[in-house]
Amino acid sequence: MLEKINKIKKLSYKIRKTILDISYNSGEPSHIGGALSMAEILAVIYSNFNIKVSKPLDRFILSKGHGFLTLLSILYCKKFIKNKKEIFQFQKNGSEFIAHPIMNKSIGIETSNGSLGQGLSFGVGLAISYKKKKNNNSIIVVVGDGECYEGSVWEAAITATENNLNNLFIVVDCNGHQNDGAINKMMNFEEMKKKWLGFGWNVNSCDGHNISALIKAFKKNSKTKPTAIIAKTIKGKGVNFMENNNDWHHGRLTKNLYLESIKSINKN
Amino acid sequence: MNFNSTDAKQWLRMGPRAMFGQFMINIAKKNKKLIVLSADLGRSSGLARFKIEFPKQYISVGISEQNLIGVAAGLANEGFKVFVTSFAPFLSMRASEQIRMNLGYMKHKVNVVALGSGLSMGFLGNSHFGLEDIAIMRTIPNLNVTCPADCSELGKILDDYAFNDRGPSYIRLTGIPGSKNLYDKNYAYKFGKNITITKGKDILILSHGSVLGQVKLSVEALKKMNISAGLVNVVSLKPIDESIITLFKKYKKIVTIEEHTSVGGLGSIMTEKILKNGIKSRLFSISLPDKFGPTGTYDYLLKYHGLDSENITKKIIKLVKKK
């Protein structure tokens, strides 16, 4: 177990490093803060579940589209995308790798996204399909806490419980911030747990940067209900000057800032 | 799907919504991959029997149209043949962006069946009318927009979508039980193609949806007055059958008739075609105004807006005489 945790820790570091590399290389502002808060979440999902390009088994949907830097990084770290040159096309003119995912099943991008609040319904559709096909694999959807203001998230939350989708997981990346700043206290980590419980989900909450806690949260699933993992995270996690600083929701890395950010993740 | 005149008469009494449910039953018998979803309008979609006969192929998501589209896209992604139903504005407007993302951008093959479009919701009022849906839906890339004229055409369209790969589609149901049929005997339907109903030389009439039943009566009345009108059913509003351009050249006057606002429907589509192709013919449009109107029975509303056969006849006589 310890060995597994260490491996995922290393992967999380590699994801953060790749996020910063890609972002700096693009020369353009990009969604760094909300990408860094998801590093451990995606590292655990891609290590714990059987996600493959060739044969769809477990499936991952990034509903929080602006977290694409993390998805792109893990697809590279897990060799879905083999060439570094390809990920360095991020936010270059005409590239398919932009601020939000563009569906490309050949490299494991399941959906096009960017308009928030839509991924869970799609995940519900996949989970119902799996039930109909008697496929025992799982569907995992990641949403942001700010995204949960979208009413369609809760529409999908109801359909998921009505259909007893115990093969469906949602991870709420509670980094406590949205575009315009800190999230309202009625939508904070504690409230988020209550809301998903109220909607009838099996709810596990944890520190979203603690790998063993995340693994446990996925293990404590239910036989009848979909599972919501409410993960408390830090926006900009790992880079000191970005942590809880919403200027980095969408920011540009200069050379100096890039070098400083790499130093910072090496220390943390 | 073939039909005879007895079917046509019987289906007319049932109306498009009840017949939608019936046609889905026929398709489900042949296609185990069919799944029908509704946002709490199963009964209004004539699906009560379908639910009983094919419980595993029916999903109700409750009153959540945005969610309806996302769930349907997920199912379509896994190879199911998916049809969803709700009222026209709730699909084309409330779930418009979900349709844009899932059906347009990602090309998930969902068939969106918009019930009670046009004025057919009668006393339920403007909140339920489908006045603008063609205008909105036709701007979304990769989405077909199809408007059946009567129940037999609806059956043919549903069959075509169920057993072929046409991509994502919006199917617009107008008319009520008893609305005049366009077809009383079997005919050939081909995806994306116009259907010529009558040939004529004085004016070309283009129309879609259940109002075609009224237009057909007008054309018959005009014939008795020695006015010869050509009538074409533009059943596919997207893609448009480009052969219409050749037909334009044979007429000095063209008129579009539709149960849709003057903004963005068939009238607008044909205006674009005429301008782009340098057609010299004059184009007129008979449609609903760009405003919210009164409510009442369907027949009352058609008359109020001059979309009943008598009013259409009068308007066409005027257009033909116009210098």
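Tutor: This is a predicted model, in which local features need pLDDT of at least 70, side-chain atom pairs count only at pLDDT 80 or more, and totals for chains, interfaces and linings use all residues. Residues are numbered from 1 along each chain as its sequence is written, while chains are lettered from A and ligands numbered from 1 in the order in which they are written.

Student: At what angle do the axes of helix 1 and helix 7 of chain B cross?

Tutor: Helices (H or I, at least four residues) and strands (E, at least two) are DSSP runs, numbered from the N terminus. Axes are lines fitted to C-alpha atoms, for helices over the stretch in contact, and angles run from 0 to 180 degrees between N-to-C directions. The axes of helix 1 (residues 5-30) and helix 7 (residues 151-163) of chain B come within 8 Å, and they cross at roughly 15 degrees.

Student: How are helix 1 of chain B and helix 7 of chain B oriented to each other?

Tutor: Angles under 35 degrees count as roughly parallel, over 145 as roughly antiparallel, 65 to 115 as roughly perpendicular and the rest as oblique. Helix 1 of chain B and helix 7 of chain B are therefore roughly parallel.

Student: Which domains does the assignment give for chain B?

Tutor: Domain bounds come from an automatic or database domain assignment. For chain B, that assignment gives domain 1 (5-172) and domain 2 (195-317).

Student: How far apart are the C-alpha centres of domain 1 and domain 2 of chain B, and which element gives the most to the side of domain 1 that touches domain 2?

Tutor: The C-alpha centres of these two domains of chain B lie 25 Å apart. On the side of domain 1 of chain B that touches domain 2, the element that gives the most, with three residues, is strand 5 of chain B.
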